Amino acid sequence: MSDYPTQANHRLNESAATHDVPAQDLSHDGHVDVGLNDDIPKEHVLALHIGSPHSPRIYRDLVNRLIRDNQDLWNQLLHNTFVEEMLVAPADNKRVLEGFKWYMIQDFFYCVQLIAYNADRAAKAPDPTTYEKLTKTLNNTLTQWAPNALKTCTDADKLNIPDAVVFAAKREEATEKYTKFISDTAEDENWVVSLLAQVPGIQSYYAIARYLKENSIDTNTAWYKLWTVENAKHYKSTVEQINFFKANYESWKDTPYEKLTKIFRTACQCEIDLWAVALNRPVE
């Protein structure tokens with residue numbers, strides 16, 4: 001396999017960019033890549049330089065504050081073992097290809113669970129406008145994101161996994177743990193705090209994709225064409241998610257930072273564990 005069509009990534013389409021806040025003009029001249037929030041670097045790989053911990057600017061920037069304060073786990077996520085294998089593996093590396101396929105099947109199961117997660121968030125909307133936005137997200141998850149994740153797995157010009165294989169696949173323990181975590185967070189927290197369960201996924205997808213796009217040895221692999229290229233496009237989505245938490249500061253400011261940190265770190269670990277399923281694809 002060498003020719004793969006591009007497809008918008010379902011994970012990044014779930015970010016605040018599409019359902020919780022409107023798209024914003026993020027630059028001084030109207031172009032996404034210019035003047036974009038000077039305190040937010042394009043990559044979250046290195047330590048962040050975003051001002052004093054006591055400044056109002058960083059205090060309200062929950063996403064970058066959590067990334068800065070949890071660099072140990074964050075860097076484990078960005079440079080997890082399977083990502084490093086995708087970085088150097090050639091297109092004919094069957095083990096990495098099969099691992100990538102297995103990861104994408106598990107990611108489809110994750111996307112299916114997001115339907116319930118987004119329904120719980122919509123149920124906690126504080127006003128009609130927010131309810132309308134969140135129900136639109138719910139509809140998009142049901143009709144676009146989960147089906148697109150399935151198509152990536154099954155379409156003949158993509159991974160070409162038989163439908164029966166996908167639906168008969170066992171949900172890995174890591175997948176079950178992750179989906180339970182996002183469901184519990186949506187049930188227990190308000191509509192703003194609950195989005196924090198998706199922050200490591202959204203933010204890391206972009207950062208990992210940029211890393212792979214700039215450093216991959218082979219750019220003709222399935223994972224490069226179906227995953228890396230598309231995820232590397234979505235810087236704007238990550239910034240809009242950051243801006244969502246800034247704009248909704250009043251809805252999370254009274255939640256203890258220790259609790260927000262626990263949600264963030266748990267989500268980071270869930271992402272690490274989900275990537276790890278690719279290393280242990282079951283033998284057929």
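Student: What makes Lys177 and Asp273 a salt bridge?

Tutor: The closest N and O atoms of Lys177 and Asp273 are 3.9 Å apart. A salt bridge requires a side-chain nitrogen of Lys or Arg within 4 Å of a carboxyl oxygen of Asp or Glu, so the pair qualifies. This is a predicted model, in which local features need pLDDT of at least 70 and side-chain atom pairs count only at pLDDT 80 or more, while totals for chains, interfaces and linings use all residues. Residues are numbered from 1 along each chain as its sequence is written, and side-chain values use heavy atoms, with hydrogens and water left out.

Student: Which parts of the chain does the pair of Lys177 and Asp273 link?

Tutor: Lys177 is in helix 10 (residues 173–188) and Asp273 is in helix 15 (residues 257–276), 96 residues apart. Helices here are DSSP runs of H or I with at least four residues, numbered from the N terminus.

Student: How do you know whether Glu189 is buried or exposed?

Tutor: Its relative accessible area is 12%. Buried means under 20%, exposed over 50% and partly exposed in between (1.4 Å probe, protein chains only), so Glu189 is buried. The side chain of Glu189 meets that of Lys259 in a salt bridge, 3.1 Å from N to O.

Student: What is the phi of Asn160?

Tutor: Phi of Asn160 is near 55 degrees, a positive value in a residue other than glycine. Most residues other than glycine have a negative phi.

Conventions:
Helices (H or I, at least four residues) and strands (E, at least two) are DSSP runs, numbered from the N terminus.
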